[in-house]
Amino acid sequence: MIIVDTSLQKRLAAGDPVRVGMVGAGYMGRGIALQILTAMPGLRLVAIANRDASQAERAYREAGATELRSVASPAELEAAIAAGAYAVTDDPTVLCRAGGVEAVIETTGDVESGARVSLEAVRNGKHVVLMNAETDAAVGPILKVYADRNGVVYSYTDGDEPGVAMNLYRFVDSIGYRPVCLGQIKGFLDRYRNPDTQRGFAEKHKQKPAMVASFADGSKLALESAIIGNATGFRPGVLGMYGHTCAHVKDLLNHFTPDHFKDGGLVDFVLGAEPHTGAFVIGFNDHPVKRQYMSYFKFGDGPLYMFYTPYHLPHLQLPLSVARAVLHHDATLAPLGAPVCEAVAYAKRELKAGEILDGMGGFTCYGLIDSYDAGGTERYLPMSLSVDCRLKRDIPKDQPLRYDDVVLPVGRTCDQLRAEQTAHFAGPAARVKAPA
């Protein structure tokens, strides 16, 4: 990743910084805007789109920008770029269609917004960088197909745990230690947390209660682990992953032997372990001389070795993913092909027919990761697609939801893409019938 800084310096020296637009001006979006405008002169955030355009203006002003223009069309955005002004709009398609925009960042955390923006951007020749696990977990594989067809990069972001884990995966693989397990270091997990229980913490940190609840109840963990699995071909060892509790992430090695990985790599997490944040990769190498070297460097006796990154800084690291995509055509993390993991919706309490599901971090469901094949024959409902679905029947607490249990909202792009994804990747071992 170090090569990115010199590449950005060259673009800046040529008077041609990388031009990027962003959709979403929430907590993370404002942080990204602040980072690009104050610390990364080789990037220029030319426009921000948000449903409430005043929040896009807020993001710019908090980052020190003064010359702002409101735009409503690609032509108006192109004129703003030519004049050196920053642009705000309530229409994300303006960013996706305007000439001069090289990449689009999507940060809303809304599965439908992510699907529509990503599809529109790649169709118009823009690279896409997502900070939207909801979209990538549900329809990332088919969006990657569209991106490949249009010669652009579709990527999840560095800085969020999946990107941190993938950077580490590539490093471990590059030094000849075969990655066999990767995931994140999680501090807390309670499947039944909801916006009410997390409201105080959310207010303290100026975040939305449902977003914080999605961290606490494991739904975001499930989505992010599915993203990691789809990018590596790794699967959970058991429903929901093992999630061993350890004092330190290095202690996770005590819970695994090489036999755990004889059928392939695993996605997993470690709970409550120091350093309490970041991501890890377990690498395998049983060469006798190399084991002596690793023992000397205090990595243990092997043949399993723990590598970890003790931090993740989403708003600081995401701009590097933009630079990698535009300047090196390199995705931080993207699906390999057909999905191999699924984040499935489970009832957080007794649910009644007629209820409307409230999605990530809500009062109705939590997400658990499963292998895609295991869930396919049962037609399990993906967690990120559960939002706004109406129940046809009662569902007991802690039971998975199925497509047959719900009525989907009408006309969602994410559902259309999901059906297309299912059909596209159906092969001799057809996994799942496309949802009606």
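Modeller: Happy to; here is how the labels follow from the values.
This is a predicted model, in which local features need pLDDT of at least 70, side-chain atom pairs count only at pLDDT 80 or more, and totals for chains, interfaces and linings use all residues. Residues are numbered from 1 along each chain as its sequence is written, and side-chain values use heavy atoms, with hydrogens and water left out.

Colleague: Thanks! What makes the protein chain as compact as a globular protein of its length?

Modeller: The chain has 15 helices and 17 strands, counted as DSSP runs (helices are H or I with at least four residues, strands E with at least two) and numbered from the N terminus. Its radius of gyration is 22 Å, close to the 22 Å that the globule rule gives for 436 residues, so the chain is as compact as a globular protein of that length. The radius is taken over C-alpha atoms, and the rule is 2.2 Å times the number of residues to the power 0.38.

Colleague: Why are α6 and α7 called roughly parallel?

Modeller: The axes of α6 (residues 111–123) and α7 (residues 133–149) come within 10 Å and cross at roughly 15 degrees. Axes are lines fitted to C-alpha atoms, for helices over the stretch in contact, and angles run from 0 to 180 degrees between N-to-C directions. Angles under 35 degrees count as roughly parallel, over 145 as roughly antiparallel, 65 to 115 as roughly perpendicular and the rest as oblique. The two helices are therefore roughly parallel to each other.

Colleague: And why is Asn194 called buried?

Modeller: Buried means under 20% relative accessible area, with exposed over 50% and partly exposed in between (1.4 Å probe, protein chains only). Asn194 has 15% relative accessibility, so Asn194 counts as buried. This residue sits in the loop between β8 (178–186) and α9 (199–204). Leaving aside residues up to four places away in sequence, Asn194 touches Ala213, Lys348, Gly361, Gly362 and Phe363, where contact means heavy atoms within 4.5 Å.

Colleague: What makes Met241 buried?

Modeller: Its relative accessibility is 6%, so Met241 counts as buried as well. Met241 lies in the loop between β9 (235–236) and β10 (244–245), and its phi is near 75 degrees, a positive value in a residue other than glycine.

Colleague: How much of the chain is buried?

Modeller: Buried residues make up 56% of the 436 residues.
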